[in-house]
Structures are given as structure tokens and as C-alpha cells.
Amino acid sequence: MAEEKNSKQRHHRSMLLDSMYPVVALMLVLVACVELCDAATVVDVYRLIQYDISGVPFGSRFSSLNHHAASLSFQHGADLSRSVLILPLRELDIAFVQDYISQKQSLGGLLILLPQTFRPGYIGGGETQDGLRVLLAQLEKLLLHSNIPFPVYFAFENEETDAMLADVKKNDALGQQATATTGGYKLVISVSEPRKIASPTITNIQGWLPGSRADGDSNQLPTIAVVASYDTFGAAPALSVGSDSNGSGVVALLEVARLFSTLYSNPKTRGRYNLLFALTSGGPYNYEGTQKWLKSLDQRMRESIDYAICLNSVGSWDNELLVHVSKPPENAYIKQIFEGFSNVAEDLGFQVSLKHKKINISNSRVAWEHEQFSRLRVTAATVSELLTPPELLESAGSLSDTRQHVNEDSIIKGVKLVAESLARHIYGHQGKDIQIFADNSSLAVNRFYVKSWLDSLSQTPRVAPFLSKNEPLIMALKKELEDYTAEVSIQQESLDGIFTFYDSTKASLNIYQVASVTFDLLLLLVLGSYLIMLFSFLVITTRGLDDLISIFRRPPSRKMKIA
Amino acid sequence: MTLFHFFNCAILTFGPHAVYYSATPLSEYDTLGTSVKAAVVYLATALVKLVCLATFLQVSETEVFDPYQEALKAMIGFIDVAGLYFALAQLTHRNISQNHKFQAVGLGWAFADSVLHRLAPLWVGARGLEFTWDYVLQGLEANANLVFTISLAALGSLMWLRKNKPKTLIPIIYTCAVIIATMPSITSYLRRVMGWHFPKVVGFELMTSLVMAFISCQLFILCQRPSL
């Protein structure tokens, strides 16, 4: 009976133990998995772009970061290969950065702190000094055209980064550079290594507004095209909002489309010209999108285009707007177009000038958008505030191109110029003193429309390889054109050619305040001595001093006894 | 690296308990069973307290010091005292002298308190890269708590287990016990109303614990004389 009881008890016990195993295992797993990321500070950072041109690498080639922070006050000759250098823009020395990059000195990483006024969507006073903008432009140019073997990130200054930087500077000035044994701040960005973007797409959006055909007229109506490229390129693709280049052009195109859709909605006021509005992509890359769009057009359609007006950066000019052409100014068409522009400009109170730049067919570089038209025998001109054509990958939405430096009035003047001259041409009122889109009329240029689209575009980064096929921006532009034109079509092509892009443009930076190894060892020493003291104190008070001494002394009496 | 810090804070929080056990004659008389029983009683008390707190207390949005809520919390704190009474008086222990009984019960009680309240934050927090002084301060607080609990257990054993006490000392014993029992309310009052930071509060706790230990030691010795 006792044996049965025993075996039953044992059986119960083993069952209990068996049921405990999964619980214990679960506890162990839970305990091992609790690795919370509890940084004191988390900051949004934006990575420098990484791209190849024909296989030649440019930009920052790495993305993950796990190093100590260092500032400019480091001692000369210190080894920074395991540190991240924090550079505020205000204290930047371009020559220093250039030296570092050109001499290929190893650096753990670079973190550039920009003032809050450069943040897209920054509402608030504080005009950025021009000096800072120029410095930023220089820095961007340097970084874009170098091959940098360490991660480079941009971040915006805030209280926490300011405090950290002040602390780091203080420590560096004292000569204690932050390494594993002296404590300090540790910056960690944990993202996967950047990968190539497989087939970046460029999306062209076109809107077709047909004119009215006279009865009995079977010929194809002539077409006038208004084109603007909407995508950008900059040092930090997640910050490349390009308010002026070319947000202003897109807004101007949308407003012109709205005005003409109002005119054309009434059959009595519909002109004898078709209007073709196109928002092209691939602008910074030699206007590849424009070329593909033109080639995709029906041959007859292309031949029916009388002329095309391209809009590029019309947001920050005062008195003079330039019309760039590639055909010689003596050409009859060019003369006609330019006369139309200058008449309207005279009425509106500013000046337009004509600039001629010949196309070099052997050079693959396309300086202006109208050159793509000219290469396919279509008359075109670019209306822009820029005097000289921008270099490849420049002036296409840099970090200093923010909303604050774009003036809605300039855009409105540009819209009036283009719309009036187009309308006078369409309705045959050249040279007459008529204002079709007069202020305070039902066809007035809508300032609020311009402002709201400009604000919205100035908060949307638009680098083409990073835009997905159904990007909300593209859908919004498509919907807007659908409201104003009769037929909208989207053309999606892949951006082939010499450019390759890599992903990982935005990340979160964790700033940890770490203690050095020496501190931990010191603490261990202190605690050890505290516990030993506590032990001795307790033994003395409860058992007496003799007991304490007897713990440490091996009893020699035993040996004596044996002897 | 930060596992090192976790180790440091762990030995600060739990080391003194082990040291106390091994240094005093408790280890000679093998009073581990008593301590374990006291720990189990603490667990049960904590559960009862939780249920009462959840039932009767309202959670306020802000960190405002509400006297009514604090009074309620103090009353629920007396459940602690009841639990200690149960552990000291009602449980049957092996034949160990009174001197050691309260020490063993206090030790077990304080150890359970430390483990329950401090182990989880330590494991989760001290292993991260970020360094804060919080966990070292928490360890110091655990030390103060150990001294408090042993003093409370001493006073408790005086109150409930010793029958012949000098009449003059009885009110002192009771006031000291009340002060120690309401320690949590006092610290939360200091933190919220007076705005003291954690290091200051911990310093205050350490000082008071030493003072209280000294007082209860004296009381114990005074009460021991008549029976000699």
C-alpha cells in the first residue's frame, strides 16, 4: 500500500515537473527577448544620396552607424575612425570637409546639423542668412560629387542635440575623447545596408484640352503645349522638396490649366487650338522623361504642335524673366513667340529677355527642357528666372531651396505672362491692348490656389527613383489635371541609362549616454568593499571580533595537535 | 558592457541580504526555512494589498497629492503590518530564540520585497546602453528597506511576542512602529508635494533607516533587561 502511494506521489510529481517545463521555457525565452531600445533621445535623420553614374560611385556608400560622438574641438591628430563627427552648419568649414574627403581619411561617420529654418514645412519667422544658404549650397555640391566611404546624415537642430553637442565639445576640449573607456555619447543608427533600386520608374502625366473645330474644317487643329518637370534631386532625397526648382513651375502650369479650362468649358469661348499640358519626370537626369514622352506621342500629334512653353523655376524673380531658346532668334516662329511675350510683359510692368543657346548634338547633356523638343523638330522655349542653365544634378531641389525663398507674386506674374500671351495667340489678339485674365474678373489668377499648391509641394520630397508607381503625389497631380482637361493619361517608363540609385534615405538616430568601463570597474570596487565592510560589521556586532579573525585564520592548532 | 552594470546593481540590491544571512548567527542556526515562510507570507500580503488598492483607489491623471487618497494608501499599508504579525506570531517556527526569529522574518520579508519590486525594472532597464543613476539609487533604497523591515520586525516582536514590557516604553514602541509602517506614504509625500528628486529621497531614507535601527536596537536591549 505504501509502495503504491509512493509511486503515485512520484507520478504526480513527474507530471507536475513535465507541465512546468513549457512554462519555464517560455519564461526563459521571454526573459532573453526583452531587449528594449530605451535611448534618451531619438532624432530623425536623412541620409546623403548614394548613386552611380555609369558605374562610378558617388555619395555616401554606407548607412548604418554605431560610434561615439566627437565634435570639431578634438585634439589634432586624434583618431576619428571610430567616431561620428557632429558638424553644425553654422560652424562649418568647407575646406576642412574637403580635406577630409579628398585625403581619404577614415571617419566613423558625419552628422551635419541644419538650423530649423531649413526644415520643409517650417512655419515661423527667422530669415535664414544668405551666407548660410551659400555655404549649404557649396557643401551640397561637394558632397554630391565625391565618393564618401562613411555614412553622412543630415539632421535638424533641436534642444536635445544642442545639449549633447555642448557636452561633447566640453569633453573634447578637456582632451577626453569619447571612446569605450572614457564614456560620452554613443550614436546608433541601425538600418540594413543600402540596396540598389531595381528599376526606378519615371511617370509623365499629360492632360489634353481639345479646341473647337469650325464646321466643315477637317484639318487637324494646331496644338500648343505647356510643360513642366515636377521631380527633384538633392543631397538628401528625403528633404528634396524643390520649392523653386521646380515646384514653382508645376504650380504655374496647374494655374494656367485651370484658367484655360474655364475658358474652354464654354463652347463659345473655346479657341481653335488644342492645349496639351504635361508634367514630366526625370528632369534632373537630362530631361529623360520629356524625351520619352515626346517619343511616345503619335507622330501626327507631334507634328501638330505649333510650339511648346517649358516652365522652369519662376518663383523668385523680381523684374526680369528670361526666355531661353535653341533656334536662332531670327527664326520667324521665335520672333512671334517672343514678341507676344514682350507685349504682355510691357503691359504687366516687367521685362522679358531672349537668350539663345545652341544645341551641341554630340554632347549628351541636355541643358534646358526645350532642347528635347528641338531635337525632335518641335519649336519650344523655356521661361525661367535662371540666367544660365544649371549644371547636371544642380539647382534641382537642393536643401537650401525652401518655401521661404519663393514668392507667390513672382509665380502669379509668370502665370499671367504665359496665359495672356497664349490667349492672345489663340484668339488672334496679338498686339491689342486687351487683358483677358484681368484681376478681379472671373478669370483672375487665384492667389489662394497658387499658395496652397506651393505650400503642399514644398513639403513633398519628389526624387523620382524613390517615388512608387502609385505615389499619392502623382495621383493628386493626375486628379487635378483631370478636373481641368478632357483627357488625362499617365505614362510610366523605367529610368534607364547611366544612373543607378540606392535606397535607405531616412532613419532614426538613437543617442545614448554611456558610462565608461572604468566607471563600471570603480563601481564594482566600491560595492565590493561596501559588502565586505557590511559583513565584517555584522560579524563583529553579533558574534564578536574573535569570530571575525577566526574566519580568516586557518586553525593552526590542528597541525600542532597532529604534531 | 551594460550587463556589467546590471551585475553591479544586482549585487547592490540583493547582496546585503545574503551578507546579512551569512554574517550573523542566522546561518549557524539554519533559519532559512523561516525566511522562506516569511517571503511567502509577503507574497500573499502583496496580493491582498493589490486587490484592495485596485478596488478602493481612484487613479488620478496628474501627480497631485490627494490627502484622502494618500490616507487610504496608508491604511492599506497597514495590511503589511498585519502580514508581518501573521508571519511573526502565527506561523510555527522551529525552536529558535526570539532574537533570531525577528531577524529571519525581517530578512525574508525584505528579500521578497526587493525581488518583487526591483528585479524586473533592473533586468529590463539596466541592460540597455543608456546609463542612468536610477538603478544604483534603487539598490540603495533596497538597502534602506532592509534596515527598515528588520527594525519593524524587531518592534513587532516586542509588541506581540514579549509579554512583560516596561510601561513607559510601550508608547515609544508603538510610535516607532507607526513611523516605519507609514514610510511609503512619507516618501511619496516628499516626492510629490515637496518636489524632492530621487537622490534626495534615497538619502533621506538611508538616514532615517539608520536612526530607526538604532532606536529599535536600544528599545530591544532595554526590554531585554528585565527578563535577564
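This is a predicted model: local features need pLDDT of at least 70, side-chain atom pairs count only at pLDDT 80 or more; totals for chains, interfaces and linings use all residues.
Guide: Residues are numbered from 1 along each chain as its sequence is written, chains are lettered from A and ligands numbered from 1 in the order in which they are written, and side-chain values use heavy atoms, with hydrogens and water left out.

Visitor: What share of chain A is buried?

Guide: Buried means under 20% relative accessible area, using a 1.4 Å probe and protein chains only. Of the 563 residues in chain A, the share that passes is 50%.

Visitor: How many residues of chain B are in contact with chain A?

Guide: Contact means heavy atoms within 4.5 Å. Chain A brings 28 residues to this meeting, and chain B brings 27.

Visitor: How many salt bridges cross the interface of chain A and chain B?

Guide: You'd look for a side-chain nitrogen of Lys or Arg within 4 Å of a carboxyl oxygen of Asp or Glu. Across this interface, the rule's count is zero.

Visitor: Which element gives the largest share of the side of chain A that touches chain B?

Guide: Helices here are DSSP runs (H or I, at least four residues) and strands are too (E, at least two), numbered from the N terminus. Both β19 (506-514) and α13 (517-543) of chain A supply at least two residues of that side. With 15 residues, the largest share comes from α13(A).
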